[in-house]
Amino acid sequence: MGDKGFSALRPIFCFASFIVSLHLVNGDLSYSIQEEMKRQSIIGNAAKDLGLDLRTLSSRKARVDSEGTRKSYCDINLSTGDLVTSERMDRESLCGKKPSCVVKVDLVLETPLELHRVSIHIQDVNDNSPTFKDNLIELEISESAEKSNRFSIEEAHDADIGQNAVQRYSLQKNDNFVLAVGSNKVELVLENKLDREKQNYINLLLTAFDGGSPQRSGTVVIHVTVLDANDNGPVFSQAVYKASLPENSPPDTIVINVSATDADEGVNGDVTYDFGHGSEDYVNIFSIDHKTGKIKVTGVIDFEEISSFEMKIKAKDGLGLISYAKVIIDVTDLNDNAPVIYLKSLTNPIPENSSPGSEVGIINVQDRDSETNGQVRCSIQQNVPFKLVPSIKNYYSLVTTGQLDRELVSDYNITITATDEGSPPLSSSKTVQLSVADINDNPPVFEEQSYSAYVTENNKPGSTLCSVTARDPDWRQNGTVIYSLLPGEVNGAPVSSYLSVNGDTGVIHAVRTFDYEQFRSFKVHVMARDNGSPPLSSNVTVSVFISDVNDNSPQILYPAPEGNSFMTELVPKAAHGGSLVSKVIAVDADSGQNAWLSYHIVKSTDPGLFTIGLHSGEIRTQRDISESDSMKQNLVVSVKDNGQPSLSATCSMYLLISDNLAEVPELKDISYDEKNSKLTSYLIIALVSVSTFFLTFIIIILGVRFCRRRKPRLLFDGAVAIPSAYLPPNYADVDGTGTLRSAYNYDAYLTTGSRTSDFKFVSSYNDNTLPADQTLRKSPSDFAEVFGDCDSSPEVGTFRVYLHS
């Protein structure tokens, strides 16, 4: 649409704003480029995107064909495989106001024959400024016009679309008018009454802005003449007129009649009609009667060129007041186009040893009509060993149907007929000449460029994952496909230990059970080989994706789960509501929603005191700590995943409401563990037993002292042995294991001047406990040493006894 300053911005669009996107589905390519690109600009690397070998592009006669007789806008560089522009592409001239602009071409390769549809999406750039139909708009308004009266202004036109089209208007500041912009409508609104005696005309500057970057604008001068007489503007009977028109309608065919009325009388009420701004392109196709408003056909109506017309009609009264209406004309299609047959590719000559099903050429059939009128059937004469096989839309492959023998028939004239579904149907024919010669075989070709298989973990060995299918157009054994896995390794193990493939059907089975937590995906390569001589083959990649099932429970990292240990946290007495106390940390080996964890308090000493974050695991106070709250708080927290069914794990959190540990009389009483209760019972029994043994021991000592004073010779005569019966029966037992199997160490302090003793619990020393079979045995001489010094402190087993006289 003209350069309009775009030449200065072209390098920016080519290098900074140039965006190419690629989408490959079933051999089709889709690119997106900016309009107005220079010739030989790169659109995309088609060879790379299609997986073609650059070395074979020339030998395979790679080329770009456009649909029908459409001008070619791109070509392929055989050296690099790049798809490049061959002509400047102007979106406005190609597609006008259509929201989507697509140029479709075909990439054709021979030996073997390949066809790829390429869609090039032309993106709009802001290369057009908003324009008004006239440089000056003249309005005549009566000075008696009331405030808020509206006067229509013809809106600006911008050839660009979307954000690059007209987005807003701006009116030069003045004392009388403001601007009102609506849907497809621009109006001047009288804000203050006019006074012809003070000002008999007013000039206003109206500016239209688009939304492009950089922004473009267009201006128009509005000349308002203030009149003495009252006046009314014309009013259309409809804001939008719609009509339907068959294509090929003859000239002077009446399309529609628009009508506007004016409440004024005489010349002021006379209304004339004309085309509005933006409808200039249609003046050679339609005409409008300036007095009656009848719209007639004056040119050729061709559905294939333009299927719909949208025009603005202007109504103007004798004093120059204007109003606008929109006319939409939909063109209906007629079956006026016969199918056209294009020979896109031809292998000539063809080998006599060609197997049935070998491709010879590619035929493209185009019918410019739409819907049923554009649907085409192709047929071929019956007396030749060839047939047409439908391919993608409007494409057919010419293939052999029988064995060829050059000695019998050396040349064929094949007549192809295309017939549409219109009423009456139209048809056309084309003759293709072929010579029989030599060559060509075809390897198996997979239906897809790659395959994906999805399997849930913990699957059963032997379950089916997916199937691969390859086609070979050759005949008999040359067309028989056998599938096999290519050698390789997955996680260090052979591929065959994971998957197997049925050689005849291509069905892939799992050999083992998969574990998502070990690996989530892997790739294998499947080969399809025919039985020809020599055999030909092709490979395809099969990606196996293992999906997770909820087979792992959450694992609590902090605090340690129940049964292992318990953690104690201090909570200050002055903690307020919402204070962070602790946090439960957990992980889940699963993934996705199976690893989404939620935290819940399932049991607590005071249900209203603490709360836990559903997803964070943070334990906070729900209210301020009060004096009435128990110092010892136990929380049982459950961590659940989001799997189906849900798995969970629990842990206990022990909290002390205290400012320091010194205030806690018995730290271990906080545990609700049954083992701690049993341990307390054992300690009480042990204390009672120790006390009993202690009193017995004191009595024995006193008895020994008393006997020593009365019988010194018995005790100190070296020739007289102490009877073993004199030894206290429980002495050795107390020294060894006593009654405390857990061997706790106690210090006992007694004074002769007091009837009570101090008893202090120290700790447990398992290393000081002797087994029952290692109970200490003492000889009389040992006892002589023991009783030799009554002031010494005997240490028996895990008990220390001090006597003070």
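Colleague: Let's start inside. Which residues have the most contacts inside the largest nonpolar core?

Modeller: Keep in mind that this is a predicted model. Its largest nonpolar core holds 29 residues. Strands giving two or more residues to that core include β34 (450-456), β37 (481-485) and β43 (537-547). The residues with the most contacts inside the core are Y483, L499, F514, F522 and V542.

Colleague: Take L499, then. Which residues is L499 in contact with, leaving aside its neighbours within four places in sequence?

Modeller: L499 falls in β40 (499-501), one of the elements that give two or more residues to the core. Contact here takes heavy atoms within 4.5 Å. With the sequence neighbours within four places left aside, the list for L499 is L465, L485, I508, H509, A510, V511, F514, F522, V524 and V544.

Colleague: On to the open sheet of four strands: which strands stand at the edges?

Modeller: The strand order is β17-β24-β23-β20, and the pairing is mixed. An edge strand has a single partner strand, so one side of it is left without a neighbour in the sheet. On average, neighbouring strands here are turned by 30 degrees against each other, direction ignored. The edge strands are β17 (240-246) and β20 (272-275).

Colleague: How many bridges join β23 to β24?

Modeller: β23 covers residues 308-316 and β24 covers residues 322-332, and the two run antiparallel. As one example, A315 has S323 in β24 as its bridge partner. The number of bridges joining the two strands is nine.

Colleague: Now L136. What is its relative accessible area?

Modeller: L136 lies in strand β9 (residues 136-142). Leaving aside neighbours within four places in sequence, L136 is in contact with V220, V221 and H223. Its C-alpha atom is separated by 5.9 Å from that of I222, 86 residues apart along the chain. L136 counts as partly exposed, and its relative accessible area is 40%.

Colleague: Zooming out, what share of contacts with a separation of 6 or more comes from residues 24 or more positions apart?

Modeller: The protein chain has seven helices and 56 strands. Of its 805 residues, 42% count as buried. The chain exposes about 43100 Å², with carbon and sulfur atoms supplying 50% of that. As for the contacts with a separation of 6 or more, the share from residues 24 or more positions apart is 67%.

How values were computed: Residues are numbered from 1 along each chain as its sequence is written. This is a predicted model: local features need pLDDT of at least 70, side-chain atom pairs count only at pLDDT 80 or more; totals for chains, interfaces and linings use all residues. Side-chain values use heavy atoms; hydrogens and water are left out. Two strands pair if DSSP finds at least two bridges between them. Axes are lines fitted to C-alpha atoms, for helices over the stretch in contact, and angles run from 0 to 180 degrees between N-to-C directions. Buried means under 20% relative accessible area, exposed over 50%, partly exposed in between (1.4 Å probe, protein chains only). Accessible areas come from the Shrake-Rupley method with a 1.4 Å probe; for residues, only the protein chains shown count as cover. A nonpolar core is a set of buried Ala, Val, Leu, Ile, Met, Phe, Trp, Tyr and Cys residues joined through side-chain atoms within 4.5 Å.
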